[in-house]
Structures are given as C-alpha cells and as structure tokens.
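Reader: I have a two-chain model on my screen and would like to talk through how the chains meet. Could you take my questions one at a time?

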Amino acid sequence: MVIDKGALLIGKFLAIVAVVAFAAAAEAREEIRIAGSSTVFPFATMVADEFGQTTGFKTPVVESTGTGGGIKLFCAGVGAAYPDIVNASRRIKESERAACAENGVAAITEIKFGFDGIVIANARSAPRFDLTLRQLFLALAKRVPRDGELVANPYRRWREIDPALPDTKIEVMGPPPTSGTRDAFVERAMEGGCGTFPEIAALKHADKPAYQAVCHTIREDGAYIETGENDNLVVQKLGANPNALGIFGFSFLNENADRLQGSLIGGVEPSFENIAAGIYPISRSLYFYVKNAHVGIIPGIADYVRAFTDERTWGPSGYLANRGLIPLPEDERRAARAAALRLAALQPAAMGARGEPPVPAPGVRAISGSSLLLVAAVLVILSAIGYAMGRRRALAAVAGAVGKLHSLPGHYGYYVAIWCGLPGFAAFVLWLVLEPRIIEALVLAGLPEAIIDQSVGGVDVLLDNIKSIARGEIPGRAVSPALEAAAERYNRLDRIGFAGLAATVLALATGGLAYGQRAIGPALRARNRVEAVLRSALAASSVLSILITVGIVLSLLFETIRFFDLVSLTEFLFGLDWSPQTAIRADQVGSSGAFGAVPLFAGTLLITLIAMSVAVPVGLFSAIYMSEYAAPGLRAALKPALEILAGIPTVVFGLFAALTVAPIFRDAGQILGLDVASESALAAGVVMGLMIIPFVSSLSDDVINAVPQSLRDGSYALGATKSETIRRIILPAALPGIVGAVLLAISRAIGETMIVVMAAGLAANLTANPLEAVTTVTVQIVTLLVGDQEFTSAKTLAAFALGLVLFLMTLMLNVVALGVVRKYRERYD
Amino acid sequence: MTEFAESRGHVGTNDGAARRARRHAAERRFRLYGILAIVVAVSFLVLLLGSIAVQGYTAFTATQIRLDVTFEPEVIDPEGTGDPELWAGADYGALIRHSLGARFPGVREPEEVRALMALISSGARFDLRDMVLDDPGLIGTTRSVWLPAAADIDMLVKGITPRDVPEDARRVKDNQIAWLDALVAEGAVKRALHLRFFTAGDSRTPERAGIWGAIVGSFYTMMVTLALAFPIGVLTAVYLEEFAPKNRWTDLVEININNLAAVPSIVFGLLGLAVFLNVYHLPRSAPVVGGMTLALMTLPTIIIATRSALAAVPPSLREAALAIGASPLQVVMHHTLPAAMPGVLTGTIIGMARALGETAPLLMIGMVAFIADIPGGPSDPATVLPVQVFLWAGSPERAFAEKTAAATLVLLVFLIAMNGLAVYLRKKFEKRW
C-alpha cells in the first residue's frame, strides 16, 4: 500500500515539476547573457565579475561554448532566450552574419578588445629554444620541401632541422584543428615559415588551394600532439616532460613563468611589451559582438560594454593586462571606445541609470507560473479529498464490515482519486502542449498579410518578436504598432486560454469526483480497475525510453544529413584517415579523405578493450570476494567505498591519468626499451577501467548476493569447496545480471571523454598498439561541438554524424548481446 | 572424504590427498585473487583521494594581512550627503591605498604603488564597503582590519609558488616580497580558515571564489534528476520484467534501453537542447533543465540495474504470494520490489553518482558558465560542482589549482553522504534467500 500511495504522489510531483519548468520559461531575464570562445572566457568573466560587484546590475552569465557554437546561439534570434553578447577568438564570418540577419539579428556591434599572444614554451629545466618560423614550419608541417620536391616530413629530431638546435625528439603539444588558437598559429607561424621557401611562395598565386594545403597542414605522425583546449594540462605536462614544447596562450605563460620559458621566435622573446608592440610574430585579435536590438531591453548591456572598454579594464595597466591580455594600441582603443558609447546611445532615454527593464503596458501581462501552479495544487487537493471520500463511502456502504467489500477500502479511495485527478491532469498536459501552438496560429491569422510577407527570417522570427514584446522584453513602439497590437492580442488569448484551462480542469475534477463517488458499492471491482490504470502507467513509462531514442535520432538526423551532403557516406564509414584539419576550407572538403571514421571506431574499441580488461577481472573478483568471503561489516564498508569511484568527476581521473599514470608508463617503457607515447591508449584505458570498477563490482555483488542460499548449501553438501561452488554454481546462476553489469560498464567506457582527451590525446591513429596515442568517437564529438569553427561547417556537422553512427553501432552490439544472454540465461530457485 | 576417495578403487588414498591439496590450493588462490582485486581497487581509490586531498587542503585556509584602515569620510561620502546609496559606489580602494601608504611611506612612484596595492586582494575593497554598509558608525574611525591577501601572495606564503627563482620568473617581485616580509615580521600576516570558500559564489578573483553557488546548483539539479529518473526508471523496469508480454516490442524496448546506456553523455545534451530549450523554450542554464537532461541519461542505468535485481528475486516468492491471492500488482509492489530494493538502490546510486559528476551534457544546455550569483531556485541560472571543477581546472591563475582540488573534495563529501544514505537503505532491505 505504501508503494501504491508513493506512486500516486510521484505522479503528482512530476506534474508540479513540469509546471514549474514551463512557468519558469515565461519569466523575463534580468542578467546579461554572454556565450562563446573559451579563450576569451577568462577575460570576459573577469569583466563580468567586476561589473557585478561594482554596479547595481546582476553579474552577467558567461558561457564557454567555443566561438562557433557561441555565434550560432547568438544568431538564433532576438529575445530573452538568446545571448546578448558573443565572445569570439576570431572575426565573425560573412556567412555567419548572413545567418544572423536571416534570424532577425541584423545590427551587431563588433568590438575588438585586445590581443592574445601565442607562445611556444618548454620547461625551465630544459635549454631555451630560439626558433625561426622556417624551423617551426619544418618541424611541424605535414609535407616539407626537400630538393625541390614536397615530401612527407622526415624530421624526427630538432638537430636534423638545424645543427644549432638541441638533439631532442620533436614533441610539440598544441591545440586541435577545431581551435581558434590553432587557426591563428597556422596562419601566423606556419604560413610565415612556409613563405620563406621560394618554390612554395610561387605556388601562392599559381595554385592557391595547393599553397594552403602545404602551409596549413600540420603533421599527424605523433610529433605534433593534439591536446584538448585545456592549457593548464599542457603546462603541467611540460613540467613532466622537459623535452616537449607546448603551444598555448600568453596568459598561461604569464601565470607559470616560474616553471616555463617561452621560446624566442626569430630572436624575439614572447613578452608583454614585444607582443603589444607587434614585434613578436604570433598573436591574434580577440573580439566580442553585441546584439544592438537587446541594448536597452536587457538591463546593463551598454554599461557592461562601457566597463569593458574602460582604461582601468583593458588599458596597458588595467586589470586584464595583469592577467595576460595584450592591450590594443591607443588609437584603436579610442575608436572602439567610441563604438561602445554609440551603443549606449541606442538605449531608450526612458531607461534609468540603473537600467530598469521597460514596464509592459498595463493590460499586457503574460500568465505567470504561479497561477498554473495553483491549478495543479487544486487538482492534487481535490484528488486527496476524493481518496478520503471514496474510502469513507465504501466503508459506509457495508457499515464497516470490510469483509463484504470486493476490494480493500483504500482501493475505493484510489478509484475515486483517479477519476478525479486523471482527466484533469490529462487536460492540463494537453493544454501545456497545444496551447502555445493554437495561440500562435490565432495571432498569426490576425496579422496583416503584408507584415508576414515582409518579415525578415520568416514566421518564427516574427512570432519570437511578438512573444518578446508580450513579455515586455522589447518595447512594442520600437518595432511597429501592428506587432504591438499582435502582442496584446497574444496576451489576451493567453489569458483566455488560461481561464479556459482552469475551468476545464475544475469541471473535469469535480465531475470525475462525483462520478467515481456514485459508482462505489460493495460489488465494484475497485482493485482491478485501479490496477488496470497503474499497469497502463507502467507501460506508458516504458514508452518514454523509446521516445528518448526517437528524440536522439531526430536531434542528430538533420545535421547528419547535411553532413552527408558534404562528405560521402562510404568515405565516412570506410575511410582510414581522420584529419578534420584540412576541411576548414571549402575547396578541400572531401578531396583528401579527411573524414574517415574508421580510426575513431578502432580507437574506441582499443580503449574500451583495455578498460574492460582492467574493470572486469578487478570488479568481478571484488564482487565475489565481497559477497562470498568478506565479513558483512567489511562488505558494507567496501561496497560504497568503491562506488565513490563512479562519481568522481572525470576531469579528476583525466588529470590523474595524464599527469601520474602516463609518465609512469612512459618511464617504465623506457626501462624496457619500448617507445611509449606520452599520450597512450594504455594510460587512458587503465584509468578508465579503474573508474568503471563499481559498475561491475556493485551490480555483480548484488546479483551474486541474490543467488538463493539453498544452491550454495547444496553444493557444499556435495563436498565442493567455496571457490568451486562460486565458479560452477553461483556465477552461472548470476550470469544474466553480471552480463548486464558488464554491458553497462562497456557503455560507460564508450561514452567517456575527459580521460581520453587528457591522457590519450586527439590524434586519430589507426593502430592496435596500446602504447600509441589514439582517440575515440565521443572525444571527437565533444571536441568538434565546442570548437571555434563555423557551426554549419562539415567539421561541426561531423559530430552529429559520428553520434548517429555510434548510436547505430551500439544498437547492433546490443542486439547481439541480448541474443547471447537469452541463450545462456538460466533460472534457479 | 577419505572414504569417498577409497571407494573409487583406482584412485589411491595418496592421490586423494594430493587432489584435496590441489583443490584447497585452488581455493586459496581464488580467494587471493579476490583480495588482490579489492586491494587494487581500494589502493587506487586511496591514491586518488589522497592526491586530491594533498592538493586541495590548502584551499581551506587563506592568507590575510592586517592593516590599520581609516574610514575617511571624505572618501566614502565626499559630498557629505549621508546617503548610504552613494556610499556603495565610493572608491574603497583609496582607503587601502592610503593605509598602505601610511605603513610604507617611502613608496611614491605610481608603478611601485600599484605593486604595493597588489599585495591585497583586489576584492578587499568590497569587504570594506560591506563593513561600512553594515555599520555606518565606522565612518571617521580607524580600525585594524584583516584583509584577504591577493592570490599571488597567498600562493607565495603557502609555498606553492617558489621564491628562489629569478625575479622575472615570478609574479611576485622582489620589492613586494620585501614589503611582505616586513609585514610578516610585525605579525601582520596570518593564515586563517577560509570560510568564504564555502559561502560565496564563483568569482574570477581566486581568493574570492567560492563553491556555494555550485553546491546549490548541484542540489537542485540532483533533486530534479532523482525525482524524474527514479520513479520512471523503476516503473519501466517493473513493467518490462514483470508484466510485459514477451514479444518483439518488448525486445525492442529492452535493446533500446541497453543502447541508451551507451549513448555518449554529450548526445543527451544535444537532445536536451533540442527538446527542452528549442521546442519548449525552457530557460538556458537552469538546474531544472539540467536535471531533466541528466535524468534522461540516468534512466537506462536505473532500469538495467532494477531489472537485474528483479530478475534475481526467486520465483518461489512470487508464487507464494500469488498462491495466497495477491494480484500480480500486489505481488510486485509488496514482495518482489521490496526484495529487489538493494539492487535498485545500487543502480540508482551509481546512476546518480554519475549524474553528479557529469559535465558534458550540461555544456549544450548552457550550464558550463561563469555564474557568480547564488541560484535562488531551480529555474535560476546555475552551474554544478563538476562544472565548477572543470572551469577552475582550465583557469590560467595558479591559485585555482588548489580550489579545483578542494571543490573535488566537496563533491566527494556529497557523494559519500549520498552513498551513506544508500548503504543505510540497502541494509534495511537486504536479505539472503
């Protein structure tokens, strides 16, 4: 009974959660929203923090999404749901501006706020490098000119490039091709070095794509080690490996000068002064973009921009410079400051100094969440009353002689409660789903044709605008009277709809209550009715998993189709070369076989195999020991202790794998005479295996523990030892559960990203050697999604294709696994 | 045993003894494997936790510097209005500058003054502001105040960044060290418990950054996840294991659920973005959306664990209940499910633990963000503990390294508390058949 009641309560709770969620959506926004580049993130957050502390505004929320993802969000539309500002580590592209304009985001203000030096550094314990761009190119390019011909880069050691350089292996850790830092490095350093070869420079005019392919392609044979966007990790890895060089932003060198030294480029030191003066050759500009339409609507945008462009912030002695931002030259600062002030002029004069949001006109008010909550609460209370009434009536019908009733009195209570609550709840859900669509249709129908035809970006943008006006996020007078009228209409319809909902729900609830109440009698098969409802609720909840799958497929499908417009399916599925770096330029897409996913799937398989060969034996033996040998007290302590492993953030495992385990393996390999890469599948796999131990150990322990004691007793009685009993009797009996646990562990291993990014790198090698660097499908998905490249480029879309293919592959694996389990499943008692 | 061996004529007594010895050796080996496995797992856990603790414990204290601060009325309220609104906007940095200037009268050059100011946290002015706003009576008085030191100084005092490298390789310069040493000599520098770490929201100034915002965010997120994933997961599992007809549809659902467990977590983020944000226009960066997204991710784990726990309940139990007239639903709710509860809880704990430590899906729905304000409810912008760990781990400032480890420790405390609850519940339900 307790559980029946619990189930009912949970149902109500879900309704309330849904209502709170929906209600929250309707509220206007008070804080500035910023999205974009992870390189700009440290600077933008610093300004946001200071801004929140020193002004009356709320602290802006700054997301780190990567430039491409940030611009996509920013350009999605006008209104509270979209960011006000986007941070970018590169300039916005024309195609992105066009996409922006299509969604009604036409006017944006560009503000360039400083430079980021890109340094090449190594540990202080090693000799300092003095490189020329030409040497850098020779060390890092995929193909280099030799005797008038382009050959695959033959250089393995620095000395081979120039006898003056140290005799160490070329090992450079740097950002992946999805990173703006990488793009800038390629453009400034690689191309700079490339241009010093007359035969390549001649190509520039003759055959530009070929020229770019030579100059912009970085080698993929292990000398250049792609790391994630975590520069701190590179800093720490350099400390552990004095032979390696690292490429990252100046601010990280600035913070770690006691451990690292920046290499001289052409004799120039990467110092604050040299980068600012433009003498140091490798640097890039940082930007942010402001959505003009939001100025004056979301409070504080103009003030934020003014604070950002203040001398105390971005000047040579401002607080950003202290953290490694290279300021713009004075005249550029002045120009940008002027742009910032022009932005402030966009702010309607009516706004106060503190920037109160415009108050919607009287009568224009959206339905608030609390009124929805009230309806839900009334429904819950009515159901509870129904339960009490039904119970009492059933008891009264037989004058307290419970034995005469068909079902228990509680069942009659539930019967009435269900009659009371369920129809109302259904109406409620239906309303939540349908109401917005109906109102939108009505509002659109009421609009003059001309407005719909003229609107930029189509009906969706128009509706978004109307809703924003209705919520008071955009003053209607700033748009057009017709839209303002539409917004008013929208709110009126919303109110009418809500009144309709309240009336319907109340009528249904009281009607249901009366009907249920009337039906009660000793002969009513209340239990059967109630159970039928509950059983359909059970079945309904299992449908949710199908819905999730459908949702996942749908959310991946469209982008995947777009991807396969750009890259052929066979190339993707069977190509042996994964190298998204060449695909950034349209003229090369598909020509170099750069999107072959085989190495990624092979890498996933390799790392998963390593992980499972750690997790399965350790986990299974732990489970056996805990459930069969250990004293109960010990087991009670061990099991939850191991479960902690499942919850430690994977960043922590990743750091551990990269900074502790990988160097141990490398050193051990050197002793044994093996060449272990500093990023190896082995380190990532082993640590991942340790992380998923609890999946195997705890779940297996439960099923082993649930094997009936009689089986053990029978086996002992026949003279079997404990281990024989376990191997011959208990494990076969527990097999389905153990297989389930192992499958779950495999799933977890396939889905893991952080450990692999940090410890195994991003280089897609097609190899079965666990001592080399590999990468996995999920790592690539994450890296591609948060990259700085344009969101609609093949590079980003590849993430969706990878996700979908992975989904289909694991689906096949699961079909096989189910067959296997069916075959070996045994039921004992 | 001896008789048994002898009775099988061709096997001699000696053979029997040898075989017994072999079997017992196998038994001992088997047991040893078990112990080894436990030792490997536990020692890894201890190593990991130990390394985090060693890195992180320093974040629980912070360096403070004592200054005699005069709350000059001409700085706080230059026009003498007496209006607290205006006091909030005053230049409290000037108070610190004057105080330091009085202590080190030789420092005049602007460059030097800036270096001297850099000893004290750039956020100390807000502390002074809050003091004045709390107690306007301070204006005009001189007080001895312990102010937080800047993070660079803090790192130096804690010995995390070295003093013995060339000056250009240090963020703290020679003159700053000299001033600091002078202050230390007069007892004006101390390391005190850093309560702010537990009570403040995020900040980009390391010495002002705290974990409370992330704790609150994690709490809301986990509540939503649990409220959705646990009931739906258990109900689905009960249906599939106990009621569903065994046909192709159920096979499909089963395979589908196993498959969902293998979907990379960021894909759930994409789904959350597409459904909750783009279709239903729920707020970005809100714990309620994060919780719903993580619930989708956690569901398969709970369903799979619950199913295998239900399958492991002996059929005799069900038959007995059916025999005395319980309906199928009553059998499940009153007998099978309670008997399977330990396994259900294990699955829930593992799933929730994973959800608690997850960052990737939250990226897509805007929770990987700098959010300084403490969330007031499940629909306010918020971040969660693992995201805080992730963001701090990526910050250039050295002082965030210890904060990263300390935040992980806090996350572990959460995790252990959650596990503790599960252990208690598991104990309550556990039986051996």
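Reader: Which residue of chain B forms a salt bridge with A:Glu50?

Author: A quick note before we start: this is a predicted model, in which local features need pLDDT of at least 70, side-chain atom pairs count only at pLDDT 80 or more, and totals for chains, interfaces and linings use all residues. Residues are numbered from 1 along each chain as its sequence is written, chains are lettered from A and ligands numbered from 1 in the order in which they are written, and side-chain values use heavy atoms, with hydrogens and water left out. A salt bridge here is a side-chain nitrogen of Lys or Arg within 4 Å of a carboxyl oxygen of Asp or Glu. For A:Glu50 the closest N and O atoms are 2.8 Å apart, and the partner is B:Arg125.

Reader: Why does that pair count as joining two chains?

Author: Look at the helices, which are DSSP runs of H or I with at least four residues, numbered from the N terminus (strands are runs of E with at least two). A:Glu50 lies in helix H2 of chain A, while B:Arg125 lies in helix H7 of chain B, so the pair joins two chains.

Reader: Is B:Arg125 buried, partly exposed or exposed?

Author: Buried means under 20% relative accessible area, exposed means over 50%, and partly exposed is in between, with a 1.4 Å probe and protein chains only. B:Arg125 has a relative accessibility of 22%, so the label is partly exposed.

Reader: How much area is buried between chain A and chain B?

Author: Start with contact, meaning heavy atoms within 4.5 Å: 143 residues of chain A touch 143 residues of chain B. Buried area is the accessible area (1.4 Å probe) that two parts lose on being put together, summed over both. Carbon and sulfur atoms give 66% of it, and the total is about 12,500 Å².

Reader: Which three residues supply more of the area that chain A buries against chain B than any other three?

Author: Together this trio supplies 5% of the area that chain A buries there. The names are A:Gln53, A:Asp258 and A:Leu538.

Reader: What does A:Asp258 pair with in a salt bridge?

Author: The rule finds 6 salt bridges across the interface of chain A and chain B. In the one with A:Asp258, the closest N and O atoms are 3.0 Å apart. Both partners are buried, and the one from chain B is B:Arg398.

Reader: Which helix gives the largest share of the side of chain A that touches chain B?

Author: Besides those 6 salt bridges, this share comes to 17 residues. They sit in residues 526-566 of chain A, which is helix H22.

Reader: Which residues of chain B are in contact with A:Val618?

Author: A:Val618 sits in helix H24 (residues 598-629) of chain A and is buried, with a relative accessible area of 11%. Leaving aside neighbours within four places in sequence, one of its contacts is A:Ile693. From chain B, the contacts are B:Ala37, B:Val40 and B:Ala41.

Reader: How far apart in sequence are the parts that A:Asp221 and A:Arg156 tie together?

Author: Their side chains meet in a salt bridge at 2.9 Å, N to O. A:Asp221 lies in the loop between helix H9 (208-216) and strand E9 (224-226) of chain A, and A:Arg156 in the loop between strand E7 (149-152) and helix H6 (158-161), so the parts they tie together are apart in sequence by 65 residues.
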